[in-house]
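Please work through each task before reading its solution.

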Amino acid sequence: MTASVTTDTDLDEVPAGDGRAPAPRYGLLALALAVVVGLLLGYAGGLLTPTLTRPGDNSAEAGFARDMSTHHAQAVEMGLMAFQQGQDAEVRQIGGDIATGQQGEIGTMQTWLRSWKLDPTGDRPAMAWMPDGTALVKDGLMPGMATPEEMTKLRAAKGRDFDILFLQMMIRHHIGGVHMIEGVLDQGHDKDVLAVAQVMKNTQQTDLTNLQAALKRLGGTL
């Protein structure tokens with residue numbers, strides 16, 4: 001469910017000749033390590049959730065953990081691209097922070113599912129845990145998620161064009177993610193899941209403020 005993390009030492013330092021600000025030497029390797037550490041810390045945090053009353057297979061908590069893991073995985077992929085390809089220093093920083101933070105949250109959510117003795121993917125349609133949630137799924141994508149064509153365009157973009165496109169896509173991604181988080185806050189009952197979900201919402205709302213400010217600074221629009 002998580003985005004795969006690959007590193008290439010040839011990418012650790014971007015050649016100065018392409019007009020892009022160089023990433024720090026071994027920057028990608030360091031970020032990849034941070035993502036892995038974040039995932040492990042997320043797993044450890046998930047183990048702290050009590051298992052005396054486990055959410056069931058069709059619960060809002062289980063559906064949220066499954067769907068948000070998938071949703072987060074795309075954000076991790078986009079964040080890693082921003083850290084590697086971004087021209088603007090703030091864009092690179094935002095991308096790295098999102099990648100490490102959301103990978104840790106994936107670890108937490110996957111640990112919940114294992115501790116509840118539930119399948120990590122389940123067999124229910126995406127968003128079925130939210131009232132009318134399945135109507136929010138478009139072409140198999142949950143709210144805010146980028147299409148394959150948009151991801152291909154982001155990978156190919158360079159310089160300021162990449163920065164603006166990343167910010168636009170991540171803003172939409174976060175808005176969709178916040179909507180999903182609000183769903184589990186409304187429908188869920190497990191106090192530990194609700195506490196983590198509230199932290200996720202607060203973090204993503206802060207991210208949105210920073211993403212929107214960076215987009216405005218770079219002259220982009222939604």
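A crossing of two helices is called left-handed if the near helix is turned anticlockwise from the far one by less than a right angle, and right-handed if clockwise. The model used throughout these exercises is a predicted one.

**Exercise 1.** Determine how helix 5 and helix 6 are oriented towards each other, and state the hand of their crossing.

Solution. Begin with the geometry: helix 5, spanning residues 159–187, packs against helix 6, spanning residues 191–217, at an angle of about 155 degrees, and their axes are 9 Å apart. Angles over 145 degrees count as roughly antiparallel, and the two helices are therefore roughly antiparallel to each other. As for the hand, the crossing of helix 5 and helix 6 is left-handed. Finally, sorting the residues of this contact by class gives 18 nonpolar, 7 polar and 3 charged.

**Exercise 2.** Describe the packing of helix 3 with helix 5, and list the residues that meet there.

Solution. Helix 3 covers residues 89–115, and its angle with helix 5 is about 35 degrees, with the axes 11 Å apart. The crossing of helix 3 and helix 5 is left-handed. Divided by class, the contact of helix 3 with helix 5 comprises 6 nonpolar, 3 polar and 1 charged residues.

**Exercise 3.** Is M68 buried or exposed, and which residues does M68 touch beyond four places away in sequence?

Solution. First locate the residue: M68 belongs to helix 2, which runs over residues 60–85. The relative accessibility of M68 is 0%, and because buried means under 20%, M68 counts as buried. Leaving aside residues up to four places away in sequence, M68 touches M109, G177, M180 and I181.

**Exercise 4.** Work out the relative direction of helix 2 and helix 4, and name the residues that form their contact.

Solution. Helix 4 consists of residues 148–156, and helix 2 packs with helix 4 at an angle of about 15 degrees, their axes being 10 Å apart. Since angles under 35 degrees count as roughly parallel, helix 2 is roughly parallel to helix 4. The crossing of helix 2 and helix 4 is left-handed. Helix 2 contributes Q74, E77, M78, M81 and Q85 to the contact, and helix 4 contributes M151, L154 and R155. By class, the residues of this contact of helix 2 with helix 4 are 4 nonpolar, 2 polar and 2 charged.

How values were computed
Residues are numbered from 1 along each chain as its sequence is written. This is a predicted model: local features need pLDDT of at least 70, side-chain atom pairs count only at pLDDT 80 or more; totals for chains, interfaces and linings use all residues. Side-chain values use heavy atoms; hydrogens and water are left out. Axes are lines fitted to C-alpha atoms, for helices over the stretch in contact, and angles run from 0 to 180 degrees between N-to-C directions. Helices (H or I, at least four residues) and strands (E, at least two) are DSSP runs, numbered from the N terminus. Angles under 35 degrees count as roughly parallel, over 145 as roughly antiparallel, 65 to 115 as roughly perpendicular and the rest as oblique. Ala, Val, Leu, Ile, Met, Phe, Trp, Tyr, Cys and Pro count as nonpolar, Asp, Glu, Lys and Arg as charged, and the others, Gly among them, as polar. Contact means heavy atoms within 4.5 Å. Buried means under 20% relative accessible area, exposed over 50%, partly exposed in between (1.4 Å probe, protein chains only).
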